[in-house]
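Please open the model in a viewer and keep the selection panel at hand. The stops below are given in the order in which they may be selected.

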Amino acid sequence: MAGKKSSLPRAPYERELLRLQTELVKVQEWVRAEGARLVVVFEGRDAAGKGGTIKRVAEHLNPRVARIVALPRPTERERTQWYFQRYVEHLPAAGEIVLFDRSWYNRAGVEHVMGFCTKEEHQLFLRQCPIFERMLVEEGILLHKYWFSVSDEVQQERFRRRLEDPTRRWKLSPMDLESITRWEAYSRAKDEMLVHTDISESPWYVVESDDKRRARLNMIAHLLGSIPYHEVPPPVLELPRRPPSTGYQRPPRDLQTRVPDHSATL
């Protein structure tokens with residue numbers, strides 16, 4: 001068995017990340033110019049690095065073109081709808097990119113393992129999901145699905161760091177901690193999900209994410225290689241000359257409520 005790879009150093013990581021993010025901007029402009037519709041689904045274990053990867057994907061993109069969808073738990077009304085209905089309304093129109101931070105696959109994972117849906121609802125999902133995704137692809141939507149895989153040791157260490165870091169404590173919920181005691185149940189659920197939904201029209205791509213830096217670069221590079229984009233020449237822009245003053249005078253600053261200079265106290 002191959003040894004564990006060492007963590008990717010920061011310098012080459014940041015250099016390559018910037019290059020890939022520059023290509024993502026080109027993808028964005030291609031999506032706009034061609035009227036394409038791109039959906040990227042991010043799934044995986046808790047603390048597997050999905051959120052950080054989504055952040056890097058969207059970091060330099062126009063939020064009017066690329067948006068992140070992270071839905072809360074369904075309302076009472078949504079519970080009575082067709083399961084996929086609440087996700088359909090978030091699908092992209094022409095010239096848009098949607099990044100699903102978790103998706104309809106909640107039913108195959110947390111809902112199934114935690115008992116938030118019935119066995120019949122879970123089995124219905126596994127039958128309907130491939131049909132639903134084939135419909136999206138036949139409609140012309142570019143659908144890409146990524147599963148972020150993390151070892152139990154690394155997941156536990158990331159949970160521990162979140163518990164000790166006040167800026168990241170909000171990422172840790174009782175549901176996350178429950179995943180520790182249900183590790184094998186989630187593993188079985190994932191395996192069953194892949195059997196039913198890893199279809200040729202919308203295959204799953206597994207991202208090894210014990211090293212977050214490698215995972216981010218690998219996922220973005222794969223996405224770029226899976227999209228038939230080309231560079232769209234940007235419009236030619238020139239800064240206009242500022243017209244001469246017509247006598248405008250700025251009001252005195254003491255007439256405005258200004259933000260105190262906190263930085264002066266440092």
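Does C117 count as buried or exposed? Select C117: at 11% relative accessibility, this cysteine counts as buried, where buried means under 20% relative accessible area, exposed over 50% and partly exposed in between, with a 1.4 Å probe and protein chains only.

The model is predicted, so local features need pLDDT of at least 70 and side-chain atom pairs count only at pLDDT 80 or more, while totals for chains, interfaces and linings use all residues. Residues are numbered from 1 along each chain as its sequence is written, and side-chain values use heavy atoms, with hydrogens and water left out.

**Cysteines**

The structure holds 0 disulfides, a disulfide being a pair of cysteine sulfur atoms within 2.5 Å.

**Aromatic rings**

Now display the rings of Phe, Tyr and Trp (its six-membered ring), which pair if their centres lie within 6.5 Å; planes under 30 degrees apart count as stacked, over 60 as edge-to-face and the rest as tilted. By this rule there are 17 aromatic pairs. Select F42 and F148, a stacked pair at 6.1 Å centre to centre with 25° between the planes. F42 lies in strand β1 and F148 in strand β4 (residues 142-149), so the pair ties together parts that are 106 residues apart in sequence. Helices (H or I, at least four residues) and strands (E, at least two) are DSSP runs, numbered from the N terminus. Both F42 and F148 are buried.

Move to F100 and W104, whose ring centres are 5.4 Å apart with planes at 65°, so this pair is edge-to-face. Both residues, F100 and W104, are buried. They belong to a cluster linked by ring pairs that also includes W82, Y83 and W204.

**Charge over a ring**

Select R45, which lies over the face of W183 at 3.6 Å from the ring centre. The criterion is NZ of Lys or CZ of Arg within 6 Å of the ring centre and within 35 degrees of the ring normal. R86 lies over the face of Y87, at 5.6 Å from the ring centre.
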